[in-house]
Amino acid sequence: SQLSLPSHFANGIIILHVLEHVPNLDDALLELKRVLQKNKDDDSASTASWMIVEVPFLSPSQTSTVDCRDKTTDEDRITCAGQADHVWAFCQHDFEQRLQQAGFQSCRNVIPMVTAAIVLSPTAV
(Lines give C-alpha, C1' and ligand atoms only; values in the text may rest on other atoms or scores of the structure.)
Protein backbone atom coordinates (compact mmCIF):
# COMPACT_ATOMS: atom_id res chain seq x y z
CA SER A 1 0.00 0.00 0.00
CA GLN A 2 2.65 2.48 -1.01
CA LEU A 3 1.91 5.16 -3.60
CA SER A 4 4.74 6.36 -5.80
CA LEU A 5 3.97 9.98 -4.96
CA PRO A 6 5.87 12.37 -2.71
CA SER A 7 4.44 13.36 0.65
CA HIS A 8 1.92 16.22 0.59
CA PHE A 9 1.69 15.99 -3.22
CA ALA A 10 -2.07 16.06 -3.86
CA ASN A 11 -4.71 18.53 -2.80
CA GLY A 12 -7.42 15.96 -3.52
CA ILE A 13 -7.94 12.21 -3.91
CA ILE A 14 -10.88 10.30 -5.34
CA ILE A 15 -10.96 6.63 -4.36
CA LEU A 16 -13.99 4.70 -5.59
CA HIS A 17 -14.59 1.02 -4.81
CA VAL A 18 -10.95 0.32 -3.97
CA LEU A 19 -10.65 -0.03 -0.20
CA GLU A 20 -12.71 -3.23 -0.04
CA HIS A 21 -9.93 -4.87 -2.10
CA VAL A 22 -6.98 -3.71 0.06
CA PRO A 23 -5.74 -6.27 2.60
CA ASN A 24 -3.92 -3.78 4.85
CA LEU A 25 -6.61 -1.13 5.17
CA ASP A 26 -5.05 0.85 8.02
CA ASP A 27 -1.73 1.26 6.18
CA ALA A 28 -3.56 2.24 2.99
CA LEU A 29 -5.49 4.99 4.79
CA LEU A 30 -2.30 6.34 6.35
CA GLU A 31 -0.66 6.32 2.91
CA LEU A 32 -3.56 8.32 1.44
CA LYS A 33 -3.22 10.84 4.24
CA ARG A 34 0.55 11.04 3.62
CA VAL A 35 0.15 12.19 0.02
CA LEU A 36 -2.43 14.88 0.81
CA GLN A 37 -1.13 18.43 1.08
CA LYS A 38 -0.67 20.10 4.44
CA ASN A 39 -1.27 23.69 5.46
CA LYS A 40 1.68 25.90 4.50
CA ASP A 41 1.50 27.88 7.77
CA ASP A 42 2.17 24.98 10.12
CA ASP A 43 2.42 21.20 10.24
CA SER A 44 -1.29 20.55 10.67
CA ALA A 45 -3.22 19.06 7.80
CA SER A 46 -5.04 21.57 5.63
CA THR A 47 -8.81 21.68 5.45
CA ALA A 48 -8.31 22.63 1.80
CA SER A 49 -7.15 19.08 1.08
CA TRP A 50 -9.90 16.56 0.46
CA MET A 51 -10.61 12.94 -0.33
CA ILE A 52 -13.76 11.33 -1.68
CA VAL A 53 -14.19 7.70 -0.67
CA GLU A 54 -16.81 5.28 -1.93
CA VAL A 55 -17.17 1.75 -0.59
CA PRO A 56 -19.99 -0.82 -0.71
CA PHE A 57 -22.10 -1.64 2.34
CA LEU A 58 -23.65 -5.09 2.44
CA SER A 59 -26.46 -4.95 4.94
CA PRO A 60 -28.20 -2.34 7.08
CA SER A 61 -28.37 -4.89 9.92
CA GLN A 62 -24.58 -5.30 9.95
CA THR A 63 -23.17 -3.67 13.09
CA SER A 64 -19.44 -3.68 12.31
CA THR A 65 -17.03 -4.07 9.43
CA VAL A 66 -16.15 -7.71 8.78
CA ASP A 67 -12.56 -8.74 8.02
CA CYS A 68 -12.67 -11.41 5.28
CA ARG A 69 -8.92 -11.65 4.69
CA ASP A 70 -8.82 -15.15 6.16
CA LYS A 71 -11.29 -16.48 3.57
CA THR A 72 -9.33 -18.48 1.01
CA THR A 73 -11.96 -19.54 -1.52
CA ASP A 74 -14.06 -17.41 -3.84
CA GLU A 75 -17.20 -18.93 -2.36
CA ASP A 76 -16.14 -18.01 1.19
CA ARG A 77 -15.29 -14.44 0.17
CA ILE A 78 -18.59 -14.05 -1.65
CA THR A 79 -20.41 -15.24 1.47
CA CYS A 80 -18.35 -12.97 3.72
CA ALA A 81 -17.96 -9.80 1.64
CA GLY A 82 -20.37 -10.13 -1.27
CA GLN A 83 -17.73 -10.53 -3.96
CA ALA A 84 -14.81 -12.91 -4.53
CA ASP A 85 -12.17 -10.18 -4.74
CA HIS A 86 -13.31 -8.23 -1.65
CA VAL A 87 -11.45 -8.65 1.62
CA TRP A 88 -13.67 -6.33 3.71
CA ALA A 89 -17.43 -6.17 4.24
CA PHE A 90 -17.85 -2.57 5.33
CA CYS A 91 -20.49 -1.40 7.76
CA GLN A 92 -21.76 2.15 7.54
CA HIS A 93 -21.87 2.38 11.35
CA ASP A 94 -18.12 2.06 11.86
CA PHE A 95 -16.57 2.95 8.48
CA GLU A 96 -16.50 6.65 9.31
CA GLN A 97 -14.84 5.89 12.68
CA ARG A 98 -12.15 3.89 10.88
CA LEU A 99 -11.42 6.90 8.67
CA GLN A 100 -11.30 9.24 11.65
CA GLN A 101 -8.84 6.91 13.41
CA ALA A 102 -6.57 7.26 10.38
CA GLY A 103 -6.69 11.04 10.83
CA PHE A 104 -9.46 12.21 8.53
CA GLN A 105 -12.24 14.61 9.45
CA SER A 106 -15.49 13.62 7.79
CA CYS A 107 -18.23 15.51 6.01
CA ARG A 108 -20.28 12.55 5.01
CA ASN A 109 -23.00 11.76 2.57
CA VAL A 110 -24.04 8.16 3.08
CA ILE A 111 -26.36 6.30 0.73
CA PRO A 112 -27.64 3.47 2.96
CA MET A 113 -27.00 -0.14 1.94
CA VAL A 114 -25.27 0.83 -1.29
CA THR A 115 -22.13 2.89 -0.92
CA ALA A 116 -20.58 5.58 1.17
CA ALA A 117 -19.51 8.73 -0.56
CA ILE A 118 -17.53 10.51 2.11
CA VAL A 119 -15.68 13.77 1.66
CA LEU A 120 -12.77 13.93 4.04
CA SER A 121 -10.06 16.33 4.97
CA PRO A 122 -6.96 15.25 6.87
CA THR A 123 -6.58 16.36 10.46
CA ALA A 124 -3.49 16.37 12.61
CA VAL A 125 -3.24 13.08 14.48
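**Exercise 1.** Locate proline 6 and determine whether proline 6 is buried, partly exposed or exposed.

*Solution.* Step one: proline 6 lies in the segment before β1 (12-16); strands (E, at least two residues) and helices (H or I, at least four) are DSSP runs, numbered from the N terminus. Step two: its relative accessibility is 47%, so proline 6 counts as partly exposed; buried means under 20% relative accessible area, exposed over 50%, and partly exposed in between (1.4 Å probe, protein chains only). Step three: leaving aside neighbours within four places in sequence, proline 6 contacts Arg34 and Val35, contact meaning heavy atoms within 4.5 Å.

This is a predicted model, in which local features need pLDDT of at least 70, side-chain atom pairs count only at pLDDT 80 or more, and totals for chains, interfaces and linings use all residues. Residues are numbered from 1 along each chain as its sequence is written, and side-chain values use heavy atoms, with hydrogens and water left out.

**Exercise 2.** Identify the polar partners of the side chain of threonine 65.

*Solution.* Step one: threonine 65 sits in the loop between β2 (50-56) and β3 (66-67). Step two: threonine 65 counts as buried because its relative accessibility is 12%. Step three: its side chain makes a polar contact with the side chain of aspartate 94 at 2.6 Å; such a contact is a pair of N or O atoms within 3.5 Å, and within protein one must be able to donate a hydrogen and the other to accept it, while residues adjacent in sequence count only if both atoms are side-chain atoms. Step four: a polar atom of the threonine 65 side chain lies 3.2 Å from the backbone nitrogen of cysteine 91.
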